[in-house]
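Reader: Hi! Could you walk me through this one?

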Amino acid sequence: MLQIGPYTITNVNLTSHIMKLSTKALEKPDYIFESSWEVCNKVGGIYTVLSTRAKTLQEAMPDRIIFIGPDCWKEQDSPYFIPDETLFPEWQKWLKKAQYVHTRTGLKVKVGRWDIPGKPVAILVDFQPFFLEKTRIYTNLWQDWHVDSLHSYGDYDEASMFSYAAGLVVESLYRFMKLRDKKVIYHANEWMCGLGALYIRKHFPSIATIFTTHATSIGRSIAGNMKPLYEYLWAYNGDQMADELNMQSKHSIEKQTAWGVDCFTTVSDITAKECQELLDKPVDFVLPNGFEDDFVPKGAKFTAKRKSVRKTLLQMANCLTGCEFSDDTLIIGTSGRYEFRNKGIDVFIESMNRLRHDERLKKPVLALIEVPAWVGEPRLDLLERMKSGKTFDTPLESPMITHWLYNMNHDNVLGMMKSNDMWNRKEDKVKLIFIPCYLNGNDGILNMPYYDAIIGKDLTAYPSYYEPWGYTPLESVAFKVPCITTDLAGFGLWANSEKGGAYSEITDGVKTIHRTDYNYSEVADAIKDTIVEYSLLTDAQVKKARTAAEKLSKKALWSEFIRYYWQAYDFALRRCNERK
């Protein structure tokens with residue numbers, strides 16, 4: 001059971017906002033165009049959503065699922081994109097010759113494949129030229145949909161120009177491929193793609209439109225500004241809060257897109273409630289985020305990889321702190337975007353602070369915060385020690401961070417550690433280390449991909465305050481690493497639902513902690529107590545918990561969750577047919 005202000009959500013499951021299937025066969029699309037700022041652009045969790053789902057859709061409709069993303073690489077080669085001139089060759093030739101009918105600017109694209117499992121078609125569009133037409137584009141947006149772009153700043157303009165360009169790509173292909181008699185869907189992700197969805201909705205009513213908000217912009221802003229989101233969710237007026245927090249333009253495009261498309265969706269029940277209250281629009285479907293586990297090593301490879309990663313992590317910790325770490329060291333981690341409160345980084349640090357004073361803890365603990373910050377360069381003194389292969393008994397300067405930051409004196413993680421007097425001294429039972437960079441295999445210190453870093457851990461904790469779904473805990477359990485999360489995360493609610501509505505425990509593979517606007521201290525204690533409990537489990541009990549984590553992850557594979565998308569496609573196509 002989840003309490004949000006006056007709302008009580010009981011027996012939470014992901015179908016509570018999904019319409020029941022009719023007895024008729026589902027309408028299946030012939031083509032799907034899907035746009036996102038994170039297509040071939042790895043910057044956040046939506047990249048994982050799309051890149052893991054792509055294989056399932058590509059198998060169902062080969063080369064008829066077409067992703068559209070921003071061309072952020074210009075003349076450089078993108079590490080996520082494979083050019084392919086054999087895809088839509090006549091269209092590519094025509095684009096290079098023709099001036100686009102609705103714009104004074106030519107439409108410049110790169111056509112190829114997204115370098116992910118399934119290798120789906122991807123089109124990267126150059127949106128920079130459309131800044132010259134920004135005033136006209138925003139004027140039309142106001143006249144057609146009453147979207148307020150007057151208060152735009154920061155990334156709003158960049159996202160909007162990309163979204164407009166993505167809409168033109170769909171229009172151009174739709175015309176060139178003569179798809180009018182086909183069942184076509186345009187799927188836009190997040191407010192950044194709203195403008196294009198509204199453009200298609202107005203000019204091409206025969207294309208069914210779907211909009212997915214992975215988190216409302218105003219909800220995230222309320223939470224990020226230290227305001228209590230959940231207790232007063234029922235009382236907040238989204239438009240009023242957008243004015244107060246200077247979020248008018250982002251909120252406006254998100255709200256109008258939600259109302260304008262054929263099918264409005266989000267990723268969890270908790271965010272569906274947020275949409276209803278802050279956007280004044282109930283969602284049509286909840287589309288939970290699935291996962292693929294093809295890259296999780298099996299059998300002996302898994303064991304060997306885990307042993308190797310643990311050795312590297314413990315060596316790094318020794319070189320940094322000058323403390324020796326035994327093989328039974330409990331390695332714990334948290335990760336995600338650097339949203340200090342929303343992702344629960346603050347409460348994670350506090351729980352580690354309390355854990356080091358808990359007399360019940362008998363094992364040494366190495367805790368890692370893997371969150372990209374304003375990173376400068378790898379520490380050469382640490383790198384030199386690691387290359388030596390020696391064991392050290394003296395700490396380096398600032399023995400709590402692996403890379404230098406540009407803002408060492410103003411970083412939230414380091415600031416909280418210092419205020420808690422957490423200096424990784426030898427007598428501390430818990431050593432907390434900040435790894436402030438993307439683990440892409442080339443960070444200069446660990447040089448291992450993020451998924452390798454997960455496999456070496458014993459336990460993870462993601463005590464989020466604001467988390468529409470939560471890929472990090474799902475990734476953790478996929479690698480047989482039990483995790484701690486909260487019931488303010490969509491994934492935590494789902495884990496509870498899989499247990500029949502009761503709170504999931506660490507022996508189930510996931511520990512879901514009750515979190516509210518005000519119980520920060522209780523959450524910190526709950527994390528601490530869970531880690532102590534886990535450290536006292538027998539080897540057989542640990543193995544059982546790890547097996548339970550893996551079994552739970554299998555229930556969240558895309559093969560299980562993709563059916564919700566087919567229902568949403570059916571809904572959008574039927575709405576589109578009614579309009580036609």
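Reader: Which residue stands opposite V184 in strand 8?

Author: That's Y31. Strands here are DSSP runs of E, at least two residues long, numbered from the N terminus. A word on the source: this is a predicted model, where local features need pLDDT of at least 70, side-chain atom pairs count only at pLDDT 80 or more, and totals for chains, interfaces and linings use all residues. Residues are numbered from 1 along each chain as its sequence is written, and side-chain values use heavy atoms, leaving out hydrogens and water.

Reader: Thanks! How many bridges join strand 3 to strand 8?

Author: There are 5, between residues 31-35 and residues 184-189, and the two strands run parallel. Two strands pair if DSSP finds at least two bridges between them.

Reader: And what is the strand order in the open sheet?

Author: The order of its 9 strands is 5-6-7-4-3-8-9-10-11, with mixed pairing. At the edges, strand 5 and strand 11 (285-286) each pair on one side only.

Reader: Switching topic: which residues touch the most other members of the largest nonpolar core?

Author: W114 and M316, in a core of 83 residues. Such a core is a set of buried Ala, Val, Leu, Ile, Met, Phe, Trp, Tyr and Cys residues joined through side-chain atoms within 4.5 Å, with buried meaning under 20% relative accessible area (1.4 Å probe, protein chains only).

Reader: What does W114 touch?

Author: Its contacts (heavy atoms within 4.5 Å) include Y47, F67, Y80 and P120, not counting residues up to four places away in sequence.

Conventions
Buried means under 20% relative accessible area, exposed over 50%, partly exposed in between (1.4 Å probe, protein chains only). Helices (H or I, at least four residues) and strands (E, at least two) are DSSP runs, numbered from the N terminus.
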